[in-house]
Number of protein chains: 2
Amino acid sequence: MSVKDCVFCKIVTGQIPVTKVFEDDVVLAFLDIGPISDGHTLVVPKQHFEKLHDCDAGLLSQVGSRLGKIAGAVAAGMSCDGYNVLCNNGRAAGQLVEHLHFHIIPRNLGDGIFERWPAYKYKQGLIETIAAKIRKKF
Amino acid sequence: MSVKDCVFCKIVTGQIPVTKVFEDDVVLAFLDIGPISDGHTLVVPKQHFEKLHDCDAGLLSQVGSRLGKIAGAVAAGMSCDGYNVLCNNGRAAGQLVEHLHFHIIPRNLGDGIFERWPAYKYKQGLIETIAAKIRKKF
C-alpha cells in the first residue's frame with residue numbers, strides 16, 4: 001500500500017532517492033539527510049501506517065525482528081558508544097512525516113544530544129489513578 | 001532467565017513492586033516512578049538482554065507485536081496528543097538500567113519535552129562513506 005503525497009512511500013517506491021543501508025520485503029533503512037549524529041538512520045516499514053498503534057501486530061512483529069539487526073549494524077559501522085531508537089507518534093511528539101518510522105541515533109559519551117530528561121515524582125495516589133486509566137484501555 | 005542484581009529482573013520476578021499496566025508471558029509494562037510526563041510507561045521484555053542488538057530476532061518480534069497495543073492503551077488512557085517510544089542503548093545514550101526497555105512517553109502540544117533536535121547536513125560525499133561503513137556490518 002503506497003499513499004499519494006507521502007514522502008516515505010515515495011522513497012519506498014524509489015520516486016525519491018535515498019542512501020540505503022538495508023532493504024528487504026518489510027522495511028527500508030536509509031540515512032537521514034538531516035542527521036542529529038553521523039549515521040542517524042531511519043527504519044521505515046514499506047507498508048504505510050501513520051502511527052505505531054495504527055499498525056497491526058503482525059507487521060510490528062516483522063519490523064521488531066529487523067530493528068535489532070539494523071541497530072547492531074549502525075552501531076558497529078559507526079563504532080559509537082551507544083544509540084537511541086526513537087519513534088515519534090503525532091506532531092506533538094515531533095513526528096514530521098506521517099508514515100511510521102524509527103530513528104536509530106548513534107551516540108557518544110558527552111555528545112550533548114537529548115541531555116534534558118525532566119523527571120519528576122507523582123503526587124501521592126496519582127500513579128494508581130493513572131495506571132487504572134491506562135489498564136481500562138486494553 | 002533472571003539476572004542477579006538487575007533491577008528490572010527483580011521487578012519481573014516480583015521482588016520489587018511496581019504499578020503494572022500490562023503483563024503477559026513476554027513483557028511487563030509498568031509506570032515509571034520518575035516520569036517525564038504523566039503516564040510515562042516502561043515496557044520490559046521478561047527475558048534479560050542488555051541492548052536491542054543483543055536480543056534475538058524472535059524475542060524482538062514478540063516485543064514488537066505488543067508495543068503498538070501498549071502504546072495505544074497509554075495514549076488512549078492519557079488522552080494525549082502524541083507519544084514517543086524510546087529505547088536507550090548504552091550509558092552514552094542514557095540507558096541507566098542495563099536490561100532492554102522501551103519508554104512510552106505521552107506528549108502534548110507545547111509540553112517542551114525533547115524540544116532540542118540539533119539536525120545538521122553532511123559535508124559532500126560523507127553520507128555515502130558512512131552508509132558504506134554501515135552496510136559492511138550486515
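1. Two strands pair if DSSP finds at least two bridges between them. Strand S1 (residues 20–23) and strand S2 (residues 27–31) of chain A meet that rule: 3 bridges join them, and they run antiparallel. Glu23(A) has Leu28(A) in S2(A) as its bridge partner. The two strands form a hairpin, with 3 residues between them. Helices (H or I, at least four residues) and strands (E, at least two) are DSSP runs, numbered from the N terminus.

2. A word on the basis. This is a predicted model, in which local features need pLDDT of at least 70 and side-chain atom pairs count only at pLDDT 80 or more, while totals for chains, interfaces and linings use all residues; side-chain values use heavy atoms, with hydrogens and water left out. Residues are numbered from 1 along each chain as its sequence is written, and chains are lettered from A and ligands numbered from 1 in the order in which they are written.

3. Chain A overall. It has 3 helices and 5 strands. From the N terminus on, the order is α-β-β-β-α-β-β-α. The C-alpha atoms of chain A fill a box of roughly 55 × 40 × 25 Å along the principal axes. Of the 138 residues in chain A, 58% are buried. Buried means under 20% relative accessible area, exposed over 50%, and partly exposed in between (1.4 Å probe, protein chains only). Contact means heavy atoms within 4.5 Å. Among contacts in chain A between residues at least 6 apart in sequence, 53% join residues at least 24 apart.

4. Ile104(A) is worth a look. The residue lies in strand S5 (residues 102–107) of chain A. Ile104(A) counts as buried, at 0% relative accessibility. Leaving out residues up to four places away in sequence, Ile104(A) touches several residues, including Thr41(A), Val43(A), Ile70(A), Val74(A) and Tyr83(A). Gly58(A) is 46 residues from Ile104(A) in sequence and 22 Å away in space, C-alpha to C-alpha.

5. Which residues of helix H3 (residues 126–135) of chain A are buried? Ile127(A), Ile130(A), Ala131(A) and Ile134(A) are. They sit on the same side of H3(A), because they cover an arc of only 100 degrees around the axis. That arc is taken from the directions from the helix axis to the C-beta atoms.

6. Next, the cavity. The structure holds 1 cavity of 30 Å³ or more. A cavity is a set of points, on a 1 Å grid over the protein atoms alone, where a 1.4 Å probe fits but cannot get out; lining residues have an atom within 4 Å of a point. The largest cavity has about 90 Å³ of space. Its lining includes Leu52, Leu60 and Phe102 of chain A, and Leu52, Leu60 and Phe102 of chain B. Helix H2 (57–78) of chain A and H2 of chain B each supply at least two lining residues. By class, the lining has 10 nonpolar, 2 polar and no charged residues.

7. Two backbone angles in chain B to check. Asp5(B) is not glycine, yet its phi is positive, near 75 degrees. Asp5(B) sits in the segment before helix H1 (7–12) of chain B and counts as exposed, at 57% relative accessibility. Phe114(B) also has a positive phi, near 50 degrees. Phe114(B) is placed in the loop between strand S5 (102–107) and helix H3 (126–135) of chain B. With a relative accessible area of 17%, Phe114(B) is buried.

Terms used:
On a 1 Å grid over the protein atoms alone, a cavity is a set of points where a 1.4 Å probe fits but cannot get out, and a pocket is an open set with protein on both sides within 12 Å along at least five of seven lines; lining residues have an atom within 4 Å of a point. Grid points are joined across faces, edges and corners, and a volume is the space filled by probe spheres set on the points. Ala, Val, Leu, Ile, Met, Phe, Trp, Tyr, Cys and Pro count as nonpolar, Asp, Glu, Lys and Arg as charged, and the others, Gly among them, as polar.
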